[in-house]
Amino acid sequence: MPASVLRLLPPTLIDRIAAGEVIERPAAALKELVENALDAGARRIEVAVDGGGIERIEVVDDGAGIAAEDLRLAVQRHATSKLDDDQLVRIGTLGFRGEALPSIGAAARLSLISRTREAAHASALSVEGGVVGEVTPAAGEVGTRAIVRDLFFSTPARRKFLKSVRTEGEAAEAALRRLAFAAPEVAFRLTRDGRVALDLPGQSREARVKALFGPDCAGQLLPLAHARGDLRLDGLVGGPALHRASASAQALVVNGRPVADPLLKSALRVAYRDVMEVGRHAVAALYVRIPAEAVDVNVHPAKAELRFADPDAVRALVIGGVRQALAVPAGRVFMPARPQFRPPAMMPQPRPPGMAAGFAEAALLAPTPSARVVAAAEPAPGAGEHGLGAAVAQVLDTYVLAVAADGSLVLVDQHAAHERLTHEKLATELRAGGVAMQALLLPVVVEMAPDLAARVLAQAAVLARLGLEVEGFGPGAVLVRGVPAVLSDGARMPDVPGLVRDLAEEFAEEGAAVSLERRLDQAVARLACHGSVRAGRRLNAAEMNALLRQMEATPRAATCSHGRPTYLKLSRGDLERMFGRK
Ligand code: ADP
Ligand code: MG
């Protein structure tokens, strides 16, 4: 074999290799250019994307501009105007690595035309495949115009990894949207192949979030404002009824920087867990403010992931803040803006087994896609012996509709109600010495981040009292040998990995210094949530009535473990008032 020659790579090749790390696709080039515009104090940014951004990306801003004598420096590696000391802490600007322009210049044909307020005219400079041209006078307004053409023409291997023009164009638009969330005071306009895709004036944060999420979401967004020590969380979150198949309608902004941080995403998921079905994603725009020294943005070249000095505090901030915003005040009746009920299909149905004669006719549940409701005109005889009355229908597979003896209409949230019942059962067993454990035939291995696994194991003794037997299974895994018997009654088996991961998050939220009592309380609530009937499960009449009877026999049944109401009652008087009869 011939000896291989060890040699240093030529600088243009080094630049092209490095360019691939920062600029892996057109969306990344767009993001870097728009961030530069924002750092330059632009009030208006116009972006044009042609051919998915592979052909051309143009970003025009009205910011401070680059002086003619600085232009060549701006496209050199590690040249930046944004670090005043040599420390990488306290990063206040979006850029600071001085890598974007040289990377784009190495990977594509880049032209910069820029003019400062002081300059009599603009100056232009081009870089093609890393080869820097001469600075020439040019025509142009104050601000900067950056044009990127033929991305990856100099590295055809990279170009092959790009997806379709359409996909790249969509990714570029998504990148601009994320920045638009982060900088609502700045006007943005985007054209894709000449068509206007986005046209936003400078506006308030709330108006911007509503504009970006669109009119169908705007009415369902709840404001959020929460503080914890020197951390702050603001924003808008969608109510539980607003959900998506993907997390694409989640905007996360930390100190003005759009991020895709896994910790924040998981905290958001946990915050919604009790009110949203597994596999659905909330709509949310979260703005986190955190002291600059408590967060490291220099983990990742694109700066999308962060390292927090105190991850538990950040988790707690997000989970606490979002849950607070979602809380429905007890006793308040929300009237849906659009009718949720379809007119019932009045079809004769066989009487379900176990349903009392007398109200069966009224209770017949004619299935329609969104609701199965038949109004009960009068309370049925025999329905009046119990406070919550007799079940007449299940609405949206989530609420039990009942009519009480005095004619009141009762709506029960089946998950919230069942959760409270399980909670009380667990608490009673706990007071009596410990929760009965049901050994699993096959122990379940639950994988999770090593810090979370350690946190679960640190609470093994607490969990054992709650009937949950866990042991270590190497770093990043926990072995579950038994679960509380209450949770596994009948054929139903709780989602053990989901349960253990939630407990870990919950422990993280509270931090280490928590009393045993509080810890038990917290874990009981979590277990109850997991062991309970979910929203979205269809119940038969017998199950619904059993739920109502158990609620009547259970203390504190009017609110769930999270303090939300388990049922709403509309009396004859309420109904008369609402219909303007009185
Ligand atoms: P960084 O943003 O990390 O400093 P870049 O390579 O993106 O690195 O930009 C290099 C420098 O060029 C910036 O520090 C800034 O001084 C200047 N610059 C780039 N784009 C603009 C712009 N749109 N307006 C004003 N100055 C800019
Ligand atoms: Mg930059």
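## Basis of the model

Residues are numbered from 1 along each chain as its sequence is written, and chains are lettered from A and ligands numbered from 1 in the order in which they are written. Because the model is predicted, local features need pLDDT of at least 70 and side-chain atom pairs count only at pLDDT 80 or more, while totals for chains, interfaces and linings use all residues; side-chain values use heavy atoms, with hydrogens and water left out.

## Salt bridges

Across the whole structure, 28 salt bridges are found, the term being used for a side-chain nitrogen of Lys or Arg within 4 Å of a carboxyl oxygen of Asp or Glu. One of them joins the side chains of Arg56 and Glu58, with an N to O distance of 2.3 Å. Glu58 is buried at a relative accessible area of 10%, whereas Arg56, at 22%, is partly exposed; here buried means under 20% relative accessible area, exposed over 50%, and partly exposed in between, with a 1.4 Å probe and protein chains only.

Two further bridges connect strands. Glu471 and Arg481 have their closest N and O atoms 2.8 Å apart, and since Glu471 lies in strand β23 (residues 469–472) and Arg481 in strand β24 (residues 477–484), the pair ties together parts that are 10 residues apart in sequence. Both are partly exposed, Glu471 with a relative accessible area of 31% and Arg481 with 33%. Salt bridges that share partners also join Asp50, Arg56, Glu58 and Arg145 into one network. The other bridge, at 3.2 Å from N to O, is formed by Glu128 and Arg109, which lie in strand β4 (residues 122–128) and strand β3 (residues 109–115) respectively, 19 residues apart. Helices (H or I, at least four residues) and strands (E, at least two) are DSSP runs, numbered from the N terminus.

Phe181 belongs to helix α6 (residues 165–182) and Phe213 to helix α7 (residues 205–213), so the pair ties together parts that are 32 residues apart in sequence. Phe181 is buried at 7% relative accessible area, and Phe213 is buried at 11%.

The charged end of Arg109 sits over the ring of Phe153, 3.9 Å from its centre, and Arg205 lies over the face of Tyr287, at 3.9 Å from the ring centre. A charge sits over a ring if NZ of Lys or CZ of Arg is within 6 Å of the ring centre and within 35 degrees of the ring normal.

## A covered helix and an open sheet

Helix α4 (residues 100–107) is mostly covered, with 8 of its 8 residues buried, among them Leu101, Pro102 and Ile104.

An open sheet of 5 strands runs in the order β10-β11-β16-β13-β14 with mixed pairing, where two strands pair if DSSP finds at least two bridges between them. Its edge strands, β10 (221–228) and β14 (257–259), each pair on one side only. Within this sheet, strand β11 (residues 231–238) and strand β16 (residues 284–289) run antiparallel and are joined by 6 bridges, and Val237 has Ala284 in β16 as its bridge partner.
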